[in-house]
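Biologist: I am new to reading protein models. Could you take me through one, feature by feature?

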Amino acid sequence: MSKEVMMQAVIQHEFGSADVLKCEQIPRPSRQEGEVLIKVAYASINYADLKTRVGGKGEAEFPFTLGLDAAGMVEEASESSVFSPGDRVIAFPKSGSYAQYAIASEALGFKIPDELSFEQAAAMPTVAILSYMLIHEIGRVKASDTVVIHSAGGGVGSMLVQASQASWG
């Protein structure tokens, strides 16, 4: 009989302030075909996480783990995967990233360039992808357009400023 492998995770059992977040031992998730198991190095904290924590995004099934994205190292992948154990990745885990390990669909994982640290990579996925979509797909901004960004102090707003300047600055 094999012993269940455990890990540390930040678990939420109710809505509320940061005090509702508890570090607990839980079973390490098991990877399915088409998924990767990631040893999380860094996880971002997004506005959506804060909104979820206090109950501002509707109902939730407790307990759960917050976290939209993470940076880490692939621990396990299928033989046919584009990923191999040891690959440095950012990903959008299916059940939260505030944990030692997370599972993500291979389609929602991306290799990190060597010159980018885990810390830098973890700060980017949600805000960078959303900013790209807002500028290029939704706004269809052209070089001749003037871009007004309200509330540029948060993650998405500050990324929009940087992306706008990089594209046409």
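Biologist: How many helices and strands are there in the protein chain?

Modeller: Let's begin by counting. The protein chain of this predicted model has 4 helices and 7 strands.

Biologist: And what pattern does the chain follow along the sequence?

Modeller: Write one symbol per element as you read along. Here that gives β-β-β-α-β-β-β-β-α-α-α.

Biologist: What does the C-alpha trace span along its principal axes?

Modeller: About 65 × 40 × 25 Å for this protein chain. Its accessible surface comes to about 10200 Å², and carbon and sulfur atoms hold 54% of that.

Biologist: What share of the residues is buried?

Modeller: A residue is called buried when its relative accessible area is under 20%. In this chain of 169 residues, buried ones make up 34%.

Biologist: Which residues make up the largest nonpolar core?

Modeller: To find a core, look for buried nonpolar residues joined through side-chain atoms. The largest one here has 8 residues: V36, I38, V74, A77, F83, V89, A91 and A104. Two elements, β3 (35–43) and β5 (88–91), each give two or more residues to this core. Apart from it lies another core of 7 residues, including I11, L37, Y101 and I103.

Biologist: Let me pick A91. Which residues does A91 touch?

Modeller: Leave out residues up to four places away in sequence, and A91 touches I38, L68, D69, A70, A104, L108 and G109.

Biologist: Now the pocket. How much space lies in the largest pocket, and which residues lie nearest its centre?

Modeller: The largest pocket holds about 310 Å³ of space. Its lining has 18 residues, with N46, Y47, V127, G155 and V156 nearest the centre. The helices α1 (47–54), α3 (125–138) and α4 (155–168) each give two or more residues to that lining. By type, the lining residues divide into 10 nonpolar, 6 polar and 2 charged.

Biologist: Which residues of α3 are buried?

Modeller: First, the general idea: an α-helix has 3.6 residues a turn, so residues three or four places apart point the same way. In α3, the buried residues are P125, T126, V127, S131 and I135.

Biologist: And what is the phi of R140, which follows α3?

Modeller: The phi of R140 is positive, near 45 degrees.

Technical notes
Residues are numbered from 1 along each chain as its sequence is written. This is a predicted model: local features need pLDDT of at least 70, side-chain atom pairs count only at pLDDT 80 or more; totals for chains, interfaces and linings use all residues. Side-chain values use heavy atoms; hydrogens and water are left out. A nonpolar core is a set of buried Ala, Val, Leu, Ile, Met, Phe, Trp, Tyr and Cys residues joined through side-chain atoms within 4.5 Å. Buried means under 20% relative accessible area, exposed over 50%, partly exposed in between (1.4 Å probe, protein chains only). Contact means heavy atoms within 4.5 Å. On a 1 Å grid over the protein atoms alone, a cavity is a set of points where a 1.4 Å probe fits but cannot get out, and a pocket is an open set with protein on both sides within 12 Å along at least five of seven lines; lining residues have an atom within 4 Å of a point. Grid points are joined across faces, edges and corners, and a volume is the space filled by probe spheres set on the points. Ala, Val, Leu, Ile, Met, Phe, Trp, Tyr, Cys and Pro count as nonpolar, Asp, Glu, Lys and Arg as charged, and the others, Gly among them, as polar. Accessible areas come from the Shrake-Rupley method with a 1.4 Å probe; for residues, only the protein chains shown count as cover.
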